[in-house]
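Thank you all for coming; I would like to take a few minutes to walk through one structure with you. Please have a look at it first, and then we will go through it piece by piece.

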Amino acid sequence: MTTEDSRSKLVVLGISGGIAAYRSCELARLLVKAGFRVQVIMTDYASRFVGPLTFQALTGRPVEVGHGGTLAQAGMDHIDLGQEADLVLVAPATANTLAKLACGMADNLLTTTVLASTCPVLVAPAMNTRMYANAITQENLLKLLNLERFFQVGPDDGDLACGEFGPGRMSQPEVILAHAQRLLSPQDLAGRRLLVSAGPTREAIDPVRFLSNRSSGRMGVAVAAAAWRRGADVTLVAGPGVVEPPEGLDCVRVTSAAEMAKEIDARALRQDAVIMAAAVSDFRPRRVGRSKHKKAEGAPDITFVRTADILAGLGRKKSKRLLVGFAAETGDPVPAAIDKLKRKKIDLVVANDVSQADAGFEVETNRVHLVDAKGVESLPLMKKIEVAERIVDRLVGLLPKRKSRRKRR
Ligand SMILES: Cc1cc2nc3c(=O)[nH]c(=O)nc-3n(C[C@H](O)[C@H](O)[C@H](O)COP(=O)(O)O)c2cc1C
């Protein structure tokens, strides 16, 4: 979901009275940054933890507290927000508010809004670990989650404000944002399994030195995250230094090209699509030194050999699985991409010229050409998260159609 897609969506951010309310300031900021219209409703208790003015400043909208009233002055009824909302996000969700929601109570504007809404409701519980483990809280949560439109994110295990340790800490704001975006995105990859590789590999020269490349893994991670938001079951195979996506999708860490090949081969058969965005080293030193090569020994004489071509290997065992490859070239990447498409039996090649300062390695933007059997589509300079959405759009178009009736996670 790009910022453009979020632009028209209204997220009602409900804040109940837990110590984690201060972390919802960051959540409100992230939601606004992602392009959502954010209307904050605080319970009376929440307003004792953080002042409404903070949220008003972060969202640019008056904040409703307790039974509300600010919007009523502008002619809005107590049920209007529930009707207008695309998502109600309760973060933090106290044990008390969860209990009220599970009973269908409507004794403040937040609970009234949830009851009057028809959109998805995402709750981010945060409380003392014994309060969370209490059978009553668990029963309340279960009751809500059994309803089609209620979803939960977290809580995490960790040090709690009360000094105890265990489950009860509100999820990280970035994680809550990702789950909110997933609920608001089209679920056109629901029920699909995708394997995505990202980042560089490292080929050891000796115990301290290696051969690698400048890939940051941002493009692959952006594709994995975009596919996850659109409902796919995603496994990311990530090389060294790749920042893990906040979504909590399955992430397998590898170092060398051989490790990457092993992890991908072990999973490829079960996938609907494999997207090889990693910059896998084409060569590795024939021999790896057992000890550090000393300066005094002079420049090492290194012989390189080819690593396994993962994509070509997958192409040979193709079946119905879709294969997406990346072609990073210095200069016009399209001829090499067309050649790669045919030679390796790939369905889509994402080609880019990495000699440009604003596209390719280590930057947030990319300028790519999408090459498939029908031809070449050249996209303008875009943020990598936007390029990722376009790649996922193509993937959806290429996958055989089927219906999924699963509840979204
Ligand atoms: C200092 C303090 C911290 C609290 N933290 C939490 C919390 O993290 N989670 C929770 O469920 N309740 C917590 N409570 C209890 C709630 O504030 C209390 O249940 C309140 O009635 C919640 O009201 P609300 O759900 O309408 O916001 C805390 C209370 C105090 C005094």
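This is a predicted model: local features need pLDDT of at least 70, side-chain atom pairs count only at pLDDT 80 or more; totals for chains, interfaces and linings use all residues.

In strand 14, Ala273 and Ile275 point one way while Val274 and Met276 point the other way, and all of them are buried, where buried means that 20 or more other C-beta atoms, placed from the backbone, lie within 10 Å of a residue's own. In a regular strand the side chains alternate between the two faces of the sheet. Residues are numbered from 1 along each chain as its sequence is written. Helices (H or I, at least four residues) and strands (E, at least two) are DSSP runs, numbered from the N terminus.

What does strand 14 pair with? Strand 9 is joined to strand 14 by four bridges, and these strands run parallel; here the partner of Val196 is Ile275. Strand 14 also pairs in the parallel sense with strand 17, residues 322–329, over four bridges, and there Met276 has Gly325 as its bridge partner. Two strands are said to pair if DSSP finds at least two bridges between them.

These strands belong to an open sheet of eight, in the order 13-12-9-14-17-18-20-21, with mixed pairing. Strand 13 (250–253) and strand 21 (375–378) stand at the edges with a single partner strand each, so one side of each has no neighbour in the sheet. Neighbouring strands of this sheet are turned by 15° against each other on average, direction ignored. At one end of the order, strand 20 (residues 368–372) and strand 21 run antiparallel and are joined by four bridges, with Asp372 partnered by Gly375.

Let me turn to the helices beside this sheet. Helix 13, residues 257–268, lies across strands 9, 12, 13 and 14, running at about 175° to strand 9, where axes are lines fitted to C-alpha atoms, for helices over the stretch in contact, and angles run from 0 to 180 degrees between N-to-C directions. Helix 12, residues 218–229, has 12 residues, and 12 of the 12 are buried, so this helix is largely enclosed by the rest of the structure. Among the elements that cover its buried residues are helix 11 (173–184), strand 9, strand 14 and helix 16 (384–398). Just after helix 12, Gly231 takes a positive phi of about 100°.

Elsewhere, Val11 lies in strand 1, residues 10–15, and is buried, with 29 other C-beta atoms within 10 Å. Leaving aside neighbours within four places in sequence, Val11 is in contact with residues including Leu31, Phe36, Leu87 and Ala180, contact meaning that the C-beta atoms, placed from the backbone, lie within 7 Å.

There is also a ligand, surrounded by 15 residues, of which the closest are Gly17, Gly18, Thr43, Thr94 and Met127. Helix 7, residues 95–103, gives the most to this shell, with three residues.

Definitions and conventions:
Two residues are in contact if their C-beta atoms, placed from the backbone, lie within 7 Å. The expected span of a helix is 1.5 Å times one less than its number of residues. A residue is near a molecule or strand if its C-beta atom, placed from the backbone, lies within 6 Å of it.
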